[in-house]
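Here is a short report on one protein model. Please look over the sequence and the fold before reading on.

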Amino acid sequence: MKKPSMLLLASALLLAGASSAFAQDVRYNFDKQANFSSFRTYKWVPLKGAQTPNELVDLQIKAAVDAELATKGLMRTDADTADLYIGYPTAVNTEKQFTSFDTGWGYGPGWYGGGWYGGGGMSTTTGETSTIYIGQLALDMYHSPAKALVWRGVASKTLDTKAKPDKQQKNLTKAVDKLFKNFPPPVKKD
């Protein structure tokens with residue numbers, strides 16, 4: 001298996017997989033000095049050295065983020081004078097999972113009814129190892145004049161490599177919605 005093609009496949013499945021035991025993990029951080037109420041427009045920019053998915057997934061990610069930011073009152077523009085520059089990297093990591101199965105029965109020594117007993121039986125344990133793919137989307141927002149990072153959100157989720165495109169899009173939309181749940185950050189009252 002070629003690593004670049006696996007990355008494209010896994011990126012295409014970014015954040016998909018409802019049947020997994022692992023929940024979506026979403027985190028964010030922001031510049032507490034930034035005035036988020038002053039941001040009205042944003043522009044998509046590529047991040048230097050960032051791992052990005054194929055063109056179709058790129059369009060899907062941007063469409064999901066665009067829709068969510070529109071609900072927050074931000075408007076997309078191609079002008080260099082945008083208040084925010086937004087870019088994202090994606091990543092796919094793997095973990096190994098070992099699952100064991102007990103195929104028999106048995107009992108061992110113990111204390112029962114006032115006496116010590118011992119016994120035996122036959123039990124067999126077998127196992128298998130599987131690979132789990134975990135996709136991650138990090139979204140960075142920079143205040144354009146200073147090119148200073150003001151907000152970063154990261155969503156990660158176990159990928160379902162067999163998910164259909166509709167399910168992938170649904171899970172991506174859900175992840176982006178969850179990612180922006182606390183955006184703009186709450187204003188701290190003095």
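**Overall fold**

This is a predicted model. The protein has three helices and nine strands. Along the sequence, they run in the pattern α-β-β-α-β-β-β-β-β-β-β-α. Of the 190 residues in the protein, 35% are buried. Now take the contacts in the protein with a separation of 6 or more: residues 24 or more positions apart account for 80% of them.

**The nonpolar core**

In soluble globular proteins, nonpolar side chains tend to be buried together. Here, the largest nonpolar core holds 25 residues. Leu69, Leu139, Met141, Trp151 and Phe180 touch the most other members. Several elements each supply at least two residues of this core: strand 2 (41-44), helix 2 (55-71), strand 4 (84-87), strand 8 (125-143), strand 9 (148-158) and helix 3 (165-179). Helix 2 gives the most, with five residues.

Leu139 shows how these parts meet. Leaving aside residues up to four places away in sequence, Leu139 touches Trp44, Val65, Ile86, Gly87, Tyr88, Trp151, Arg152, Gly153, Leu179 and Phe180.

**Helix 2 against helix 3**

How do helix 2 and helix 3 pack, and at what angle? The angle is about 40°, and the axes are 9 Å apart. Angles under 35 degrees would count as roughly parallel, and 65 to 115 as roughly perpendicular. Helix 2 is therefore oblique to helix 3. The crossing of helix 2 past helix 3 is right-handed.

From helix 2, the residues in this contact are Gln60, Ile61, Ala64, Val65 and Glu68. They meet Gln169, Leu172, Thr173, Val176 and Asp177 in helix 3. By class, the contact has five nonpolar, three polar and two charged residues. Val65 of helix 2 takes part here, and Val65 is also one of the residues that Leu139 touches.

Is each of the residues below buried or exposed? The cut-offs are under 20% for buried and over 50% for exposed.

| Residue | Relative accessibility | Class |
|---|---|---|
| Lys147 | 60% | exposed |
| Ile132 | 9% | buried |
| Asp66 | 17% | buried |

Asp66 is a charged residue placed in helix 2. At 17% relative accessibility, Asp66 falls under the 20% limit and so counts as buried. What does Asp66 touch, not counting residues up to four places away in sequence? The partners are Tyr42, Trp44 and Arg76. Asp66 and Arg76 are ten residues apart in sequence, and their C-alpha atoms are 7.1 Å apart.

Ile132 is in strand 8. Asp160 is 28 residues from Ile132 along the chain, yet their C-alpha atoms are separated by 8.8 Å.

**Backbone details**

Most residues other than glycine have a negative phi, and most peptide bonds are trans. Two places in this model depart from that. Lys147 has a positive phi, near 50°, and is not glycine. Lys147 sits in the loop between strand 8 and strand 9. At 60% relative accessibility, Lys147 is exposed.

The other place is a peptide bond. Phe183 and Pro184 are joined by a cis bond, with omega about -5°. Pro184 lies in the segment after helix 3.

Technical notes. Residues are numbered from 1 along each chain as its sequence is written. This is a predicted model: local features need pLDDT of at least 70, side-chain atom pairs count only at pLDDT 80 or more; totals for chains, interfaces and linings use all residues. Side-chain values use heavy atoms; hydrogens and water are left out. A nonpolar core is a set of buried Ala, Val, Leu, Ile, Met, Phe, Trp, Tyr and Cys residues joined through side-chain atoms within 4.5 Å. Buried means under 20% relative accessible area, exposed over 50%, partly exposed in between (1.4 Å probe, protein chains only). Helices (H or I, at least four residues) and strands (E, at least two) are DSSP runs, numbered from the N terminus. Contact means heavy atoms within 4.5 Å. Axes are lines fitted to C-alpha atoms, for helices over the stretch in contact, and angles run from 0 to 180 degrees between N-to-C directions. Angles under 35 degrees count as roughly parallel, over 145 as roughly antiparallel, 65 to 115 as roughly perpendicular and the rest as oblique. A crossing is left-handed if the near helix is turned anticlockwise from the far one by less than a right angle, and right-handed if clockwise.
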